[in-house]
Amino acid sequence: MEKKAVEDCDGCHQQPRMPISSVSGTRLKSGNKNTSKQRYNKRNARKECTWRPWSDLPGELLSEIAKGLSVADYLSFGRVCRNWRSITVSSKREFLESQAPLVLVISSHARKTCFFFDMSSQDTYRTVLPKFSGRSIVGISSGYLIMQLSDIMLTNPITGHTLEFPGALQPFPDRITMSDGCIFASTMPHQDFLVVALFSMHLNLQFRRSRDHQWTFYSYAGEPWEIKDITAFGARIYALTSDSQIRVLSLKNPPTMEPLQLKGKPHLGSNVTFAASDEHLVVLDLVPHRRVEVYRIDFVSSQWVKVDDLGDQSVFMSDMIHLRLASLHTTASWGGRRNCVYYLGPWSAKGTVFTLEGDLVENISVAPGDRLRSIRASYGWYFPRDSHKMNSVWDDQFDDDLTNA
């Protein structure tokens with residue numbers, strides 16, 4: 001990985017403050033045999049003495065070539081020379097947002113690698129996950145895979161940037177307890193990295209900034225509700241609780257959690273989750289027989305709004321070993337179905353697409369090739385578009401620091 005690892009995030013964040021460590025990761029590499037180890041015929045190249053350097057190709061032509069590449073080839077394209085890199089840097093956001101979601105494939109025996117499958121091109125990619133042995137994926141947030149053992153490690157498979165949050169999560173220093181979900185964001189105005197981990201079995205959540213020396217602990221054991229899911233949206237950390245409320249987590253010391261005052265609160269079931277979205281704070285209520293009820297929070301009118309038509313978007317949901325992931329994304333750019341639910345089960349190489357009412361639309365293969373189909377694996381959605389942007393949240397501790405100054 002290049003030295004400017006953080007800059008590959010398109011300036012989304014400055015270098016974090018220590019004591020967390022930043023190490024090199026590995027970008028996506030093609031896993032297809034028919035695209036690897038291609039040889040260049042030097043003898044024929046000598047005969048073509050009229051060839052001009054590849055770096056002299058017109059920028060308009062390079063841009064058109066780059067648009068038709070796969071994600072892995074696009075990253076390699078930008079590493080050929082300075083001129084080609086400038087083309088990919090200027091068009092990276094547009095390119096990544098046009099890409100189909102990748103299916104993350106994690107073998108139950110994986111020690112250092114995982115695979116990504118592109119549904120639109122049928123390509124398979126491989127990437128190395130530093131220090132992955134013994135860890136579990138407990139979240140995918142801001143384009144980073146969040147891996148836990150006793151500590152937390154994060155890797156962006158597109159940029160190769162890797163971060164490590166050392167130290168045992170509290171209050172379980174004597175044993176490893178997997179979190180039910182983990183989110184990653186940057187803070188304002190300090191420009192720190194932030195990790196928030198939910199432990200619903202133990203009725204607590206924990207968070208840590210990159211400048212902190214330990215994890216901050218918040219327990220809701222004495223409350224009449226439980227936290228079902230957490231998400232970062234609109235500069236805040238939100239928690240979805242079992243009493244059909246949405247609460248805001250304050251990052252003060254000690255932390256607090258206050259409910260939003262919203263009208264039209266629905267009666268949600270027990271199987272609920274947030275869905276990541278750029279435009280709205282979205283809640284999914286997963287009712288029996290595969291039906292999905294979608295709600296968005298209207299912050300202008302302070303109320304819940306039921307959504308019956310997703311327009312040109314679809315829900316992408318996956319149940320991995322230790323967590324459920326859900327996102328809303330536009331599908332028109334890569335030819336996907338609109339107003340549907342794309343679902344991946346925990347151990348099946350077959351996904352399903354169904355309507356919000358639960359009617360089956362089609363089955364999809366998410367692990368082509370004998371090698372991937374033969375392994376016992378967990379499957380989840382990964383969106384290349386998320387790799388170049390990071391959620392930002394306001395650090396409430398900054399307000400207290402100003403007051404006490």
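**Charged pairs and ring pairs**

I began with D243, which comes out as partly exposed at 27% relative accessibility. I had to keep in mind that the model is a predicted one. The partner I found for D243 is R247, the two side chains meeting in a salt bridge with N to O at 3.2 Å. R247 has a relative accessibility of 8% and counts as buried, because the cut-off for buried is under 20%.

I then looked up R385, which forms a salt bridge with D278, and I noted 2.1 Å between the closest N and O atoms. This pair links distant parts of the chain, 107 residues apart: R385 sits in the loop between strand 27 (377-382) and strand 28, while D278 sits in the loop between strand 18 (272-275) and strand 19 (281-286). I recorded R385 as buried at 14% relative accessibility, whereas D278 is partly exposed with a relative accessible area of 46%.

My next entry was R211 and D395, whose side chains meet in a salt bridge at 3.2 Å, N to O. D395 is buried at 0% relative accessibility, while R211, at 24%, is partly exposed. I also noted that R211 and D395 belong to a network of salt bridges that includes D192, R209 and D212. For the structure as a whole, I wrote down 16 salt bridges.

I turned to the rings, where a search of the whole structure gave me 16 aromatic pairs. In the pair F116 and Y382 the ring centres are 5.5 Å apart and the planes stand at 65°, so I logged the pair as edge-to-face. Because F116 lies in strand 4 (residues 113-118) and Y382 in strand 27, this pair ties together parts 266 residues apart in sequence. Both counted as buried when I checked, F116 with a relative accessible area of 1% and Y382 also at 1%.

For F184 and F193 I found ring centres 5.2 Å apart and planes at 45°, so this pair is tilted. F184 is buried at 0% relative accessibility, and F193 is buried at 1%. My last entry is an aromatic cluster formed by F316, W334, Y342, W381 and F383.

Conventions:
Residues numbered from 1 in each chain as written. Predicted model: local features only at pLDDT ≥ 70, side-chain atom pairs only at ≥ 80, totals over all residues. Heavy atoms only, no water. Salt bridge = Lys/Arg side-chain N within 4 Å of Asp/Glu carboxyl O. Buried < 20%, exposed > 50% of the residue type's maximum accessible area, 1.4 Å probe, protein only. Helix = DSSP H or I, 4+ residues; strand = E, 2+ residues; numbered from the N terminus. Phe/Tyr/Trp six-rings, centres within 6.5 Å; stacked < 30°, edge-to-face > 60°.
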